Structure formats: structure tokens, C-alpha cells
Amino acid sequence: MNRDLVSSALARIETQPDYTAYQALANALEQANPDARTPPLRVAVLRNFTFEPVLPVLQGEIARAGFYPEIYLGDFDAIAADALDGGSPLYSFRPDFIIVAQWLETLSPALATRFTSLSAADVEREVDRIVAATVEIITGIRRHSLAPVLVNNFPLPFRRTLGILDAQSANYHTHTVLRLNAALLEQLQAFRDAYVVDYMSLMASLGTAAGFDERYWHMAGAPLGRAALLAFGQEYAKFIRPLRGKSRKCLVLDCDNTLWGGVIGEDGMSGIRLGAEFPGSCYQALQREILNLHDRGVILALCSKNNEADAIEVLRQHPEMILREQHFAAMRINWQDKVTNLTSLAEELNVGLDAFVFVDDSQFECDFVRERLPQVAVLQLSSAPATFAARLSAPGYFDSLSFSAEDRNRTPMYRDESERRELLRSAGSLPEYLRGLGLVAEIGIAGESVIARVSQLTQKTNQFNLTTRRYGGGQIRAFVAATAADVFYVRLRDRLSDLGIIGVGILVFRGADAEIDTFLLSCRALGRGAEDAFLAHMAAAAHARGCRRLVGRYLPTSKNAQVADFYSRHGFTAIEKNEGASAWELMLDAGLPECPDWMEIRLVQEEAHSAGQ
Amino acid sequence: MQASENKLKQVFADVFGMEAASVNESTSVDTVKKWDSLKHLKLVLALEEQFGVTLTEEQTVEILNYPLVKAVLEEHGVLFQ
């Protein structure tokens, strides 16, 4: 009954994401028993203003990402007291995320509302004081918690104290807040897993009239208007997906009336609307937005009901196309239904459907996919093509907190993968094919230059992941620094391409035991024996260190069933089984796992690589 | 604008986590346990959103029961059938 209440409230948000719908969902969640199937996500909010109206949106977005939201709300204006005291209820709550929400009017009433009362020296003192106090809070948090911290910057003054004069000096009101925000950013960058929530830009794009509501501010200390409550709650949630391995990775696009105006099969090359003039310019703007996503590492695919030759001709020949064939990792241009096509795209690209975003102009196709594949995010772009680019960008489907060399090269790598499959079809046996690839696994002990990539892999890898432990950069750094632990990474090359760093293994040493805390491989590197080579190397390294026993664990999730028998396939013996989870041991003196003969292993020094190369 | 009372009752249900069918003329700040000052603010937000109105400052504080909410919305031109 209560589950149904939550499901129907979730469905309501999909079609009408208004503030009232979020309230209904928040109430349904509160009444539901936390369901064992949705893992909890604990978010602590430390605040100096009335943050409560944002909570329904935040809770709803956490539920939409597949978690059960648990919220700790700190007392009004008691941020430092909570953060600095290791015994405070904040830390016994064991938060997964900590939000520090500060409003300038509370933090510095003079700076916010009595700017003219301050001398230039007073202003600088206030700026320094606010930055120092915020740094002290984050330092305090880091003493007791490794949870990512989300700290906001400040909206620009919505009533400029000096009117038009305000813009005439860098020392006046508006520029002082800009300077304060810049100083805050600079200080935050020194912390691991501390991020800026950009209230300034959010409020600028909403506009003062929609963003603030002075009635609520005076009545309840709640500064935000309804539009801002939605935007702010959703913005916080955008940080949760990438940090919890829930980022969307693949954008699947329809062609007719989505990438261009009109229907290629009917209107022909000269009839479709695409070009520098309206309305063709709207479709070009959307294509540029898509190309930006491609450059950020989003995998693009086409799924269109069309004659394949017609659509391909547009991609290859149309002079006004921005997107070309090489930007797409896979295509389904045929007359099959889109659910079948999406499912087979997921298989070909080896990306989960829950990492897909599907864009189409047709109500029918969108509803069909929503109903049959609820894990796919569906965006319907119909009517008003001038708004298409903004509507694709607003939800932040693909937002990530890092941008690495691997991201820039992603589509070529996925396309190489399709070519490899072709090679496989033409070669005889699998080992024969693999020998022909010239595979090289470069294995190293992680150091500073690869920590960001290693942490990103623990957060993004779902399928070939034995324990699915998500680690921030700070936690990886702690493993790297520890003498009783080693962090290994593997980079895979073959004669077609360099896949970059695609695997992570963490060994923790206890006496004669080495325990595999983490063992994962990016799914695009599977099927070549890299996992066998990597495990063989880690086992040998543990043995060389004097360990007698290697212990591995399998912790089941909804995604990692394919590795349930990984340890048994590699000669480990089960020592514990409990509700799907299992522990395994391998006695190292009795023989080490073997490396496949088609894989060359090279040991590398960290200096030879950097994650950003 | 024309609206049904069911729509108004649904807003109460969404805000206070109660059954729409249990909302009636005697629903008030004294009978709904969850109706505190923060819920009151959320009620204002939901009413303004669902009925496309902006309440005056006086109205936002005086809507302490169902009949008063209805009366205030009627002042903004909402016609209940």
C-alpha cells in the first residue's frame, strides 16, 4: 500500500514535476517503511536559514535516483557548533553527504543589507571573516567525516545599495560579493571532495522576481521563491548521482523532428529544416549542445524509424549538419520498435539502460519507453524547437565532477569496440583473436597523478565490481598513503587503441593475509582477459610481500551478478556465504593464478603516466 | 478560473500527507496534527502554484482552516463548482 503511494507519487513527478508533487512524494516517503530494496542515502544539512522548504525537492530527487532519503537537519544557525564537535549528532548520523547552506543576510547582515555603513577596510574584514569561518567549518568536518561537502556561494545583491553607481567600482556591493565568491572557491579547492553549489548562477538564471520571495523571508526566514526551491533542490541532487555511481552515460537520439525539422523520408535532403536560418538554426543549436556533451564524454547513439540509407545520407552529405557519423558510437536506424532497439544498444555498448537518456519528439515513443523501460530517462522534445537546447541541458543528466582524458576520447573507444567485435566475427577462436589484438596490460601502484581517475572508476563502475565500494579522492589517497594497503590500477592497450586506465584493485594487508577490498574493471575492457591478468599480478604482489593467503569478497548489488562466481572461477575456496554475499580464500603457497598467454604485462612507474595526459 | 473542490482537497492531501476524502469544512490548524508553521508555508506555496495566484501578506497568515482557504481563493477569482 505505502509502496504504491511512493510509486504513484514518483510517476506524478515524471509527468508534472511541480512543487506540490514533490510535497506529495515527500509525505509518501515519510509514511513508507524504508524499503530494503532501496539503499538509504543520508544527507546532513547544516544551515543558517530556513532550508525546510527545499527538503521535499531534495528528498524527491534522491528517491528518483534510486535511494531512500534520510535527512539530518541541523539547528538554525548552528553550523559551526555541529561541525566542530566530534560528538555532535551530525557525526553519529554518519552522513553520506553534508550540505553547508549559508545565506549572506544571516552570515553578515551588514554586508548584505547595510553596505553603505561599512568602510572599505570593514568590507575586506567581513569578506575575510566569512571565508575564514567557512574554511574552519570544512576543516572541522574533515576531522570527523570523509563525506563530500557541498557549500554554496552567494547570489549577487538583488537590491544594489548604490543603485547605478554600484557597477562603477570594484569596491562596491555587487563586486564585493563576486570577490567573496572567488575567494571562497579558491579556499574550497584545497579540500578533497568539497564542492561549490553555485547559488549565484542559479539565482541569476532564475531572475530575482522568481528566485526570492520576501514574504517568506520576513514570515519564516525562508528566502527562496517557489521556482528557486525547485531549482536549488534539483541542483543539490545533481551532485549525488555522479558521486554515487549513478551518472547517465549515453544519449540516444531520434532523427526526424529532433535533430532536424521535418521527415527526411518525405521532405528529402533539401526539404528538411536545418541551417543558419530559423527554424533550422534551432536544430543546429541543439546539435551543438549535443556535440558539447559528446566532448564531455557522453556516448551518442541514434535510434530512428527511417530507411537507414536516408538518415546516413543526411549524416554524411547534408552541409548544415553539425553532428556527423563519427560522433555516434552506435546506430539503430530501422523500423523495429524503440524498446527493442534501446535494449540492443545497451547490449552492444555494454552500458546499463539506467545510464541512458532517450530523446524523441513523439509522445507515443516517449510514453512507450517510459512504460516499458522505466530506468531510461526520457526527454520529449516537441514544439518550440528554439527551447530544445536548453531543455536538453537543464536537467544535468550527464553532470560529472571530473573531466579526464578518458572522457574526451570515449566515443572513439566505443567505436573501436564495435570494430573489435567485427574482428571477432571474422577470426576463428577467441584466444586466436585475442592474440591478434596485441594486448598489453600496464599495471602500476597508484600515486597522486591517477587518484582522480581511480576514484572516478570506483564511483562509476557497476557491473564488473566485486564489492562496489565507492571512494572519494580523499579515501583513495588514504589507501595510497597507508603502509598496510596498496592501490593497483591497470591500463589496457591493443593495436587498435589505448583504452586508458580501466581497472582498480585495492589490497589491504593483515599479517599473513591480503584482502581484496576492491576489484573492478570498466565494462568496455571486459572479455579480453585483463581481469585475469590483473588478479594474477595482485596475487603475485601479495605473495612477494610475504602473504600466505589472499581473501576476496563478493557483495551482491542489482548490477554485479556477472562476477558472483569470479573467485570460484579463479581457484578460490568459499569460506563464508551469507544472503548472497560470499567470502573466498586462495592459499598463495599452493600456486598463483595464471595470466592469459595473449596478454603482455608491463609494470609501470607512476611518473610515466598522468591521468590527464 | 473554474476549479473543483476536489482539486483543493488534493492540495491539502499533498501538503499534509492525508487522504483527500478526509478533508472537509472542519479541517483546520487545530484538527490537523502536522499543520505547523513550516507546513503552513508549504501550504501557501502549493496553493499559489496549483491555483496560479499570489496571496497578499495578510491572506498568507489568515488561512487557518479549509473554509478560509476557499474564501481567499475566491477573492482571487477562483470559482468553485
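Student: What share of the 81 residues of chain B counts as buried?

Tutor: In this predicted model, 30% of the 81 residues of chain B count as buried.

Student: What is the secondary structure of chain B made of?

Tutor: Chain B has four helices and two strands. Read from the N terminus on, its elements run β-α-α-α-α-β.

Student: How many of the contacts in chain B with a separation of 6 or more join residues 24 or more positions apart?

Tutor: Such residues account for 52% of those contacts in chain B. For chain A, the contacts with a separation of 6 or more come to 71% from residues 24 or more positions apart.

Student: What makes chain A as compact as a globular protein of its length?

Tutor: Chain A has 26 helices and 18 strands. Its radius of gyration is 26 Å, close to the 25 Å that the globule rule gives for 613 residues, so chain A is as compact as a globular protein of that length. The box filled by its C-alpha atoms is roughly 80 × 70 × 55 Å along the principal axes. Of the 613 residues, 41% count as buried.

Student: How do you know which residues of chain B are in contact with chain A, and how many are there?

Tutor: Two residues are in contact if their C-beta atoms, placed from the backbone, lie within 7 Å. By that test, 15 residues of chain B are in contact with 16 residues of chain A. The elements giving two or more residues to this side of chain B are helix H1 (5–16), helix H2 (37–51) and helix H3 (57–62) of chain B. H2(B) gives the most, with nine residues. By class, the side of chain B that touches chain A has six nonpolar, four polar and five charged residues.

Student: Why is H3(A) described as largely enclosed by the rest of the structure?

Tutor: Nine of the ten residues of H3(A) are buried, so this helix is largely enclosed by the rest of the structure. Among the buried residues are A:Leu55, A:Pro56, A:Gln59 and A:Gly60. Just after H3(A), A:Gly66 takes a positive phi of about 100°.

Student: At what angle do H3(A) and H13(A) pack, and what is the hand of the crossing?

Tutor: Helix H3 (residues 55–64) and helix H13 (residues 226–243) of chain A pack at an angle of about 40°, with their axes 8 Å apart. The crossing of H3(A) and H13(A) is right-handed. H3(A) contributes A:Val57, A:Leu58, A:Glu61 and A:Ile62 to the contact, and the residues from H13(A) include A:Leu229, A:Gly233 and A:Tyr236. By class, this contact has eight nonpolar, two polar and one charged residues.

Student: What makes E16 and E18 of chain A edge strands?

Tutor: Eight strands of chain A form an open sheet in the order E16-E17-E15-E14-E13-E12-E11-E18, with mixed pairing. Strand E16 (573–578) and E18 each have a single partner strand, so one side of each is left without a neighbour in the sheet. Neighbouring strands of this sheet are turned by 25° against each other on average, direction ignored.

Student: How do you know that E11(A) pairs with E18(A), and in which sense do they run?

Tutor: Two strands pair if DSSP finds at least two bridges between them. E11 (residues 439–445) and E18 (residues 599–604) of chain A have six bridges, in the parallel sense, so the pairing passes that test. A:Val440 stands opposite A:Glu600 in E18(A).

Student: Which strand is joined to E11(A) in the antiparallel sense?

Tutor: E12 (residues 485–493) of chain A runs antiparallel to E11(A), with six bridges joining them. Here A:Val440 stands opposite A:Arg493 in E12(A).

Student: Which helix lies across E13(A), and at what angle?

Tutor: Helix H25 (residues 530–544) of chain A runs at about 35° to E13(A).

How values were computed. Residues numbered from 1 in each chain as written. Chains lettered and ligands numbered in written order. Predicted model: local features only at pLDDT ≥ 70, side-chain atom pairs only at ≥ 80, totals over all residues. Axes fitted to C-alpha atoms, helices over the stretch in contact; angles between N-to-C directions. Left-handed = near helix turned anticlockwise from the far one by under 90°. Nonpolar A, V, L, I, M, F, W, Y, C, P; charged D, E, K, R; others polar. Buried ≥ 20, exposed ≤ 12 C-beta atoms within 10 Å, placed from the backbone. Rg over C-alpha atoms; globule rule 2.2 N^0.38 Å.
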